Amino acid sequence: MSIILSTIFFPLIGFFLLTILKDFLNKKILFFIGLFTLFISFLTSLFSFYYFYKFKKAFFVFNIWNLISIDNFKFNISFLLDELSLSMLIMITGIGVLIYFFSYWYMYLEEEIIKFFSYINLFISSMSILVLSDNFLLTYFGWESVGICSYLLVSFYNENIKNIFYSMKSFLISKISDIFFLISILLIYHCFNTFNIHEISNFLISEKVHKNLFLIKLICIFLLLSSISKSAQFPFHTWLPCAMVGPTPASALIHSATMVTAGVYLISRSKDIFLVYDQIFYLICCVSSFSIILGSMSSIFNKNIKKILAYSTISQIGYMFLSIGVKSWSCAIFHLISHAIFKSLIFISTCYIVLYNKNEQNIFKMNFIKKKNSLVYFSFLIGLLSLMSFPIISLGFYSKGEILFKILESKNYFFFFTAFLGSIFTTIYSYRLMFYILFSKKNYFKKKLYENFFHDIPTLILMFFSTFLGIFIIPNLSSFFSEHFKINNFYIILEFLFSFFVSFTMLIYYLLIKKKFFLKKLYFLKCLHNCLEKIFKQDLYFKNFYSKLENLYNFFSYFLYKDIFKFFIKFIFYIVRFINKLILKFHSGNLKLYILTFFLVSTSFYTLIIFI
């Protein structure tokens, strides 16, 4: 029991210590205090992993505290330890420690660096609660906390009004997920009379499920809406590029190991509920396919390196959702963890490259010199190779290959086509980044940077696991999700074809871009490029929708700001004053009129009493 508590509470203790002591200790000591608490959390996650496999049980439930007990209603603070929660926990704490460590190098000169570290501690603690909770109510607590931490990190550079606007936009759009999740939790309790995940699973195998089929369908739809909003899928995807105004290490954390993965985790955790409503999987496939194409196309036609990576995340999360759509849950989690590793590597390499180019983020004005920065050069290269699923040597090749195989095996040929097309687009924008940044010979900006221990260690670890060696640390969850995965000749042929198309796409892109001779003659491609650039880059689809949403929010904010109770008090005051003025009109000083009025009123009153 104490092990699980340590995993959650040590980062939380770190958050409080950094917040309280920031005016009394120097930032180096505070940094090590925060790092120590996160590292203890990571070690306890590893120990939990050892403990779990030593006793070989399907799951452990640790009941910590009985918070509410009223008649039949009970709410316990309890945590669930199984293969899914353990895999997520090790990924979150492991990537969290590495990014925290790297942040010291990147943000050393920032005055508010301790505030940044405290937010990371709170983020890791919130995410740990989310994945370890054994009931939906506690999951919601972690879900909300993660959203708030994300807002705090994204709005870190709040001296710029534009950054405040973008961070608020990100917060509001992702807040939609919280509303849908809350509604689904209320429906879950109404339907199952419990919030506990295992009790709900037991209920679903009974015959009572047929009586609540309509409610369960509603729950699935609301859970899906909350998940696609949190994980930045279509049509709630636009918050993620806006969230890039925060520090790049924060983006690495949000994009890889924490917030955007929460939606995928929620659906995987609610698997038994979703299996009741089979048609929902078709909807998941449609949403994820569109997100893959939209995200990858937007990455191709964007010039800002951080926005390219943001749209890339939308696309890669789409693969995870598509994998869930064909009921291959283990492949979705496999790609989730591998994506966390190689996307973190790309982001921390981007930190160095952007600083080297004096904060320039336009990829056409950036370059990089291999001789002086070999480690970053190869780390960025390996990260991009894994993103594009380069054959054999990269980690992404294995995780995405399994997803494609599962889609084809399920005979969803249209969704396989979109996933395959998305892979080709991924290769194009990854190679584009590689081509214009690593292979460019132009020298626009150069800034001398010093690498040190804090920079090199996280880079080397993530670089190592972004290669094929990473598949040895990612646990196989096919037994947990009761799936069958068998490598056969068909799988090998598909992998071969996939490898061929990735290499072929790189060659074609090189010929089209490098040798402009081809591009000049392909007017159709040029027109298509310009047209798509305007559509996808500017988010024209949703600009009006979100402006209306923003207006609606402003209206409610104004309404609440005005204080409705104050309005009612004023209304009563006006009524009293009006009556008072009316009465004063009868105040003439004529004694005869007063006697006559009194006589008429009293006579009318007694007459009414007699007749009634």
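# Chat about a predicted chain

User: What is the relative accessible area of Phe39?
Analyst: Phe39 has a relative accessible area of 38%, so Phe39 counts as partly exposed. Buried means under 20% relative accessible area, exposed means over 50%, and partly exposed is in between (1.4 Å probe, protein chains only).

User: Before going on, what kind of model is this?
Analyst: This is a predicted model, in which local features need pLDDT of at least 70 and side-chain atom pairs count only at pLDDT 80 or more, while totals for chains, interfaces and linings use all residues. Residues are numbered from 1 along each chain as its sequence is written, and side-chain values use heavy atoms, with hydrogens and water left out.

User: Back to rings. How many aromatic pairs are there?
Analyst: The structure has 48 aromatic pairs. Rings of Phe, Tyr and Trp (its six-membered ring) pair if their centres lie within 6.5 Å; planes under 30 degrees apart are stacked, over 60 edge-to-face, and the rest tilted. The ring centres of Phe39 and Phe42 are 6.4 Å apart with planes at 45°, so that pair is tilted.

User: Where do Phe39 and Phe42 lie?
Analyst: Both are in helix α2 (residues 27-55), three residues apart, which is about one turn of the helix. Helices (H or I, at least four residues) and strands (E, at least two) are DSSP runs, numbered from the N terminus.

User: And which kind of pair do Phe116 and Phe156 make?
Analyst: Their ring centres are 5.5 Å apart and their planes stand at 70°, so the pair is edge-to-face. It links distant parts of the chain: Phe116 is in helix α4 and Phe156 in the loop between α5 (136-154) and α6 (161-192), 40 residues apart.

User: Are those two buried or exposed?
Analyst: Phe116 is buried, at 0% relative accessibility. Phe156 is buried too, at 6%. Both belong to one aromatic cluster, which also includes Phe31, Tyr104 and Phe453.

User: What about α4 itself, how many residues does it have?
Analyst: Helix α4 (residues 113-132) has 20 residues and reaches 29 Å from its first C-alpha to its last, close to the 28 Å expected at 1.5 Å a residue. The expected span is 1.5 Å times one less than the number of residues. Of the 20 residues in α4, 19 are buried.

User: Zooming out, how many helices and strands does the chain have?
Analyst: The chain has 25 helices and two strands. Of its 612 residues, 54% are buried.

User: New topic: how many salt bridges?
Analyst: The count is eight, a salt bridge being a side-chain nitrogen of Lys or Arg within 4 Å of a carboxyl oxygen of Asp or Glu. Lys175 and Asp178 form one of them, with the closest N and O atoms 2.9 Å apart.

User: How far apart are Lys175 and Asp178 in helix α6?
Analyst: They are three residues apart, so about one helical turn separates them. Asp178 is buried at 2% relative accessibility. Glu144, Lys175, Asp178 and Lys230 are linked in a network of salt bridges.

User: Which salt bridge does Lys406 form?
Analyst: Lys406 bridges to Glu409, with the closest N and O atoms 3.5 Å apart. These two are three residues apart in helix α17 (residues 395-409), about one helical turn. Lys406 is buried at 11%, whereas Glu409 is partly exposed at 41%.

User: On to the backbone. Where is the cis peptide bond?
Analyst: A cis peptide bond joins Phe234 and Pro235, with omega about 5°. Pro235 is in the loop between α8 (213-230) and α9 (239-242). Ala232 lies in the loop between α8 and α9, and its phi is near 55°, a positive value in a residue other than glycine.

User: Why point that out?
Analyst: Most residues other than glycine have a negative phi, and most peptide bonds are trans.

User: What touches Ile314?
Analyst: Leaving aside neighbours within four places in sequence, Ile314 contacts residues including Ala232, His237 and Gly295; contact means heavy atoms within 4.5 Å. Ile314 is in helix α14 (residues 305-325) and is buried at 1% relative accessibility.
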